[in-house]
Amino acid sequence: LLLVVLFGFIFSFFYRTSSTKKPVKTRTGNIKISPPIPMKDSTGNNLSDYVTEKDVKWFDFINQNYQAKYNTSVRSYQGSQKEQTTLNNSASQSASSIEYFTKYYAGLYKMDEGKINEIVKIFKDSAVKKQMNANETAEMVITFIQEIPYYLVHDESCVKAVASGNSFVKQYHASNKPCFPNVKGGVQSPYEFLHNLKGDCDTRSLLGYAILKKLNISSSIWISKAYGHCVLGVGLPFGNGVYKPIDGLNHYAVELSNKGYRIGMISPYHRDISNWDIALYSNNF
């Protein structure tokens, strides 16, 4: 017991002294998306489907470098889009917004659970090769998602979103930043995001949750009506920063929409815990 307590103290001290209140400057990676290539069967006939390769290179907070090279198919992407409409219609019958997001996120995860095995294996193999613990593995996933450029996702056209949106949406579009319109619920599923690499806060948090869950690392999705925002939570026995206890385990929030945010770090304007609700979580003890 003494060794466990001592280890916890050492880990907590190291984490406090190695993290900062401000985002950490990380090295710039590189993302390449190949043109769609026709898929063929064993005899060389076209399968009415196309595959695209993504090659993502990035660095974590201590400048370890990684590479994730994976494929997605147009048919699988379109399949997720079609099923997402049904899920959204079902979740829209919810009695509250938190119930809606809980049902919707859970449905999107389940829908794509088997489709993200390729990317999950890349993270799993890298964690084994580098002998990484849960915290290090989670930060590898976090920095991967943070490397992907931000796209604001709307459930209607970008023009309508600006007309009915808040000050952030209007300012974002006034700066001519990229927008991805007509997505049910304004959130892409994990496979959809991995396919086109276009996502904002909840799309990113859902992907982070999905990958960590399949890596057996406790995770959660936090939503805030007050902030109009969504962040990822990572469940760890020891940590530092902003957290919420969930069934006996502290889940530490992390911002995925910008680079440099470590586990436990979110915007200083978003740190009132009472403004955050847990939409979905998974504890792996």
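In the predicted model, helix H4 passes helix H5 in a right-handed crossing. Two packed helices are described by the angle between their axes and the distance between the axes. For H4 (residues 117-129) and H5 (residues 134-147), the packing angle is about 135° and the axes lie 10 Å apart. Angles over 145 degrees count as roughly antiparallel and those from 65 to 115 as roughly perpendicular, the rest being oblique; H4 and H5 are therefore oblique to each other. On the H4 side, the contact is made by Ile119, Phe123, Ser126 and Ala127. The residues contributed by H5 are Thr137, Met140, Val141 and Phe144. Classified by residue type, the contact of H4 with H5 comprises 6 nonpolar and 2 polar residues, with no charged residues.

The model also contains an open sheet of 5 strands, arranged in the order S9-S10-S8-S7-S11 with antiparallel pairing. From one strand to the next, the twist averages 30°.

Helix H3 (residues 97-112) lies across strand S7 (219-224), strand S8 (229-235) and strand S11. The direction of H3 is at about 25° to that of S11. Helix H9 (residues 201-214) likewise packs on the sheet, where H9 touches S7, S8 and S11. The direction of H9 makes about 15° with that of S8.

A covalent link was also identified. A disulfide is a covalent bond between the sulfur atoms of two cysteines. With a cut-off of 2.5 Å between cysteine sulfur atoms, the count comes to 1 disulfide. This disulfide is formed by cysteine 158 and cysteine 179, whose sulfur atoms are 1.7 Å apart. The torsion about the S-S bond is -85°, and the link of cysteine 158 and cysteine 179 is left-handed. Cysteine 158 lies in helix H6 (residues 158-164), whereas cysteine 179 belongs to strand S6 (residues 179-180), so the pair ties together parts that are 21 residues apart in sequence.

Technical notes: Residues numbered from 1 in each chain as written. Predicted model: local features only at pLDDT ≥ 70, side-chain atom pairs only at ≥ 80, totals over all residues. Heavy atoms only, no water. Pairing = 2+ DSSP bridges. Helix = DSSP H or I, 4+ residues; strand = E, 2+ residues; numbered from the N terminus. Axes fitted to C-alpha atoms, helices over the stretch in contact; angles between N-to-C directions. Contact = heavy atoms within 4.5 Å. Parallel < 35°, antiparallel > 145°, perpendicular 65-115°, else oblique. Left-handed = near helix turned anticlockwise from the far one by under 90°. Nonpolar A, V, L, I, M, F, W, Y, C, P; charged D, E, K, R; others polar.
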